[in-house]
Amino acid sequence: MSEQEMTLPADWRGWVWQGGDNPLALQERYLSLSPLQPGEVLVRNAAIGLNPVDWKVLDTQRDRVPGVDGAGTVVAVGSDVDQHWLGRRVAYHQNLQRNGSFAEYTVLAAQVLLPIPDGLDFATAAAFPCPTLTAWQAIEKIPVEPGAPLLISGAGGSVGHFLVQLAYARGFEVTTLSGERHWSRLHALGAKRCYSDEQHDASAVKERYFAVIDAVSPEKAALLANNLMANGHLVCIQGRVKEWPNPAFGRALSLHEVALGALHQHGNAQQWQRLTQQGEQMLRQIAQGTLQSEFLLHFAWEQLPAQLLALQHRNFSGKQVILL
């Protein structure tokens, strides 16, 4: 392991999940560093982005540190990692099978690192990886057809915030489903029409879409498949539909699922390079103001469990970021 004349701590604080009824059961523990393996880096976290997946998969994180998104500074690298990473400001999306971002330091695979451009703060970078990379993966499933109608369900959340912008930039005519409190923001980001679920379901003339991207549930995706035109595309983010939504040789729909974590388990170096290059480009766009980040809500380290519980029962707008 190489160091850049910096003293690494013998241990550090982290939130550990050992079971419980809700995120308030997270326990603060002291963790210690094992020798870095080839391909690994150690990041000193400056900010942690909270995501719904963090509370949804808690029961798979027993005896581990949860958290997928963070941003900080690389303070040590494994034997075969390029030295240029030392001292770099980075954001990342962590593998759910490893200790995550809910800690003062996180060990990562070097291939997942996203360099943070000059002028972009740690908080904005920490809020970026999971929602923005998921949105990019989702829009990449759909062939570009400028002017084609596209529906985003669950558009009020973090993924929807970026999906609207990416779809609009590709020339799609964007319609969204969300709570009314999100409509002015979604219109400003590029949505032509904003509906509530009730308004859309009650529409006298059913809309037909070239593509539907659903970020709510498999059941919602299955219902919205009825609004697809021939050769349409159904993209599922929150679980895929249980069965094909139309008879064979009917509307000839294409089904897609999005799982950012799949790359951690099954992706190769070329796929990670493409994803991180795209992520770096979008971070630059945020820094330049051509891609709009969400409104950030800043909280202290001690507030992390309570804010994760608040996210589970979400009734607010904005993106929670924990500052260290």
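In these legends a residue is called buried when its relative accessible area is under 20%. The model shown is a predicted one.

**View 1. The aromatic pair of Phe172 and Phe210.** Three aromatic pairs are counted in the predicted model, and in this view Phe172 and Phe210 form a stacked pair, with 6.5 Å from centre to centre and 20° between the planes. The pair links distant parts of the chain, for Phe172 belongs to the loop between helix 4 (158-169) and strand 10 (173-177), while Phe210 belongs to strand 12 (residues 209-214), 38 residues apart. Both Phe172 and Phe210 are buried.

**View 2. The aromatic pair of Trp12 and Tyr105.** Among the three aromatic pairs is a tilted one formed by Trp12 and Tyr105, whose rings lie 5.0 Å apart, centre to centre, with 40° between the planes. Because Trp12 lies in strand 2 (residues 11-16) and Tyr105 in strand 7 (residues 105-109), the pair ties together parts that are 93 residues apart in sequence. Trp12 has a relative accessible area of 5% and is therefore buried, and Tyr105, with a relative accessible area of 14%, is buried too.

**View 3. Gln61 and its contacts.** Gln61 is found in the loop between helix 1 (52-56) and strand 5 (69-77). With a relative accessible area of 2%, Gln61 counts as buried. When its neighbours within four places in sequence are left aside, Gln61 is in contact with Trp17, Pro66, Leu96 and Arg98.

**View 4. Arginine charges over phenylalanine rings.** The charged end of Arg89 sits over the ring of Phe122, at 5.1 Å from the centre of that ring. In another such arrangement, the charged end of Arg314 sits over the ring of Phe316, 4.6 Å from its centre.

**View 5. The largest pocket and its lining.** The largest pocket holds about 1100 Å³ of space. It is lined by 38 residues, of which Pro52, Lys56, Ala215, Ile237 and Gln238 are the closest to its centre. Helix 1, helix 3 (129-140), helix 4 and helix 10 (304-312) are the elements that give two or more residues to the lining of the largest pocket, and helix 1 gives the most, with four residues. Sorted by class, the lining of the largest pocket consists of 18 nonpolar, 16 polar and four charged residues.

Technical notes:
Residues are numbered from 1 along each chain as its sequence is written. This is a predicted model: local features need pLDDT of at least 70, side-chain atom pairs count only at pLDDT 80 or more; totals for chains, interfaces and linings use all residues. Side-chain values use heavy atoms; hydrogens and water are left out. Buried means under 20% relative accessible area, exposed over 50%, partly exposed in between (1.4 Å probe, protein chains only). Contact means heavy atoms within 4.5 Å. Rings of Phe, Tyr and Trp (its six-membered ring) pair if their centres lie within 6.5 Å; planes under 30 degrees apart count as stacked, over 60 as edge-to-face and the rest as tilted. A charge sits over a ring if NZ of Lys or CZ of Arg is within 6 Å of the ring centre and within 35 degrees of the ring normal. On a 1 Å grid over the protein atoms alone, a cavity is a set of points where a 1.4 Å probe fits but cannot get out, and a pocket is an open set with protein on both sides within 12 Å along at least five of seven lines; lining residues have an atom within 4 Å of a point. Grid points are joined across faces, edges and corners, and a volume is the space filled by probe spheres set on the points. Ala, Val, Leu, Ile, Met, Phe, Trp, Tyr, Cys and Pro count as nonpolar, Asp, Glu, Lys and Arg as charged, and the others, Gly among them, as polar.
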